[in-house]
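I opened the notebook to record what I looked up, entry by entry.

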Amino acid sequence: MKRMTVMLALTTLAALAASPLVAAGVPQVINLQGRFTDGAGNNVADGVHTVVFRIYDGPIAGSTLWSETLPVQVTNGLFTVLVGDSSAIPGNLFSGGPNRYLGVTVN
């Protein structure tokens with residue numbers, strides 16, 4: 001009976017390892033939500049804004065490791081976007097150092 005249980009467990013593990021869910025890996029996108037305001041703290045105008053997202057290796061004067069420009073719908077200053085949706089974030093980007101920094105530029 002013990003041998004049958006071990007075989008069943010090994011078969012289950014092999015099936016899971018071959019599963020498309022396991023093979024798919026981690027998505028290379030960042031779900032980002034926020035609020036855009038002007039210098040006075042007022043919401044930016046509703047509509048689609050061009051936004052540039054960049055990932056840097058340092059907080060000040062860091063080197064750009066990746067960037068993407070996206071049209072982002074803004075309503076009452078609020079937005080939701082999948083960063084990396086049109087230009088995949090490289091999987092090894094976060095393995096090269098302890099910290100990464102996201103820069104966001106609107107229009």
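Buried here means under 20% relative accessible area, exposed means over 50%, and partly exposed is in between (1.4 Å probe, protein chains only). Phe 36 also counts as buried, at 9%.

Since the model is predicted, local features need pLDDT of at least 70 and side-chain atom pairs count only at pLDDT 80 or more, while totals for chains, interfaces and linings use all residues.

I found 1 aromatic pair in the structure. Phe 36 and Phe 79 make this pair, stacked, with 4.2 Å from centre to centre and 10° between the planes. Rings of Phe, Tyr and Trp (its six-membered ring) pair if their centres lie within 6.5 Å; planes under 30 degrees apart are stacked, over 60 edge-to-face, and the rest tilted. Phe 36 is in the loop between strand S1 (30-35) and S2, and Phe 79 is in strand S4 (residues 78-83), so the pair ties together parts 43 residues apart in sequence. Strands are DSSP runs (E, at least two residues), numbered from the N terminus.

I traced an open sheet of 3 strands in the order S3-S2-S5, with antiparallel pairing. Strands S3 (64-74) and S5 (101-106) are at the edges with a single partner strand each, so one side of each has no neighbour in the sheet. Strand S2 (residues 47-56) pairs with S5 over 6 bridges; two strands pair if DSSP finds at least two bridges between them. Phe 53 has Val 104 in S5 as its bridge partner.

Which residues have the most contacts inside the largest nonpolar core? They are Phe 53, Trp 66, Val 72, Phe 79 and Val 81, in a core of 15 residues. Such a core is a set of buried Ala, Val, Leu, Ile, Met, Phe, Trp, Tyr and Cys residues joined through side-chain atoms within 4.5 Å. S2, S3 and S4 each give two or more residues, and S3 supplies the largest share, 4 residues.

The protein chain averages a pLDDT of 79; pLDDT is the predictor's confidence in each residue, from 0 to 100. Over residues 1-23 pLDDT stays under 50.

How values were computed:
Residues numbered from 1 in each chain as written. Heavy atoms only, no water. Contact = heavy atoms within 4.5 Å.
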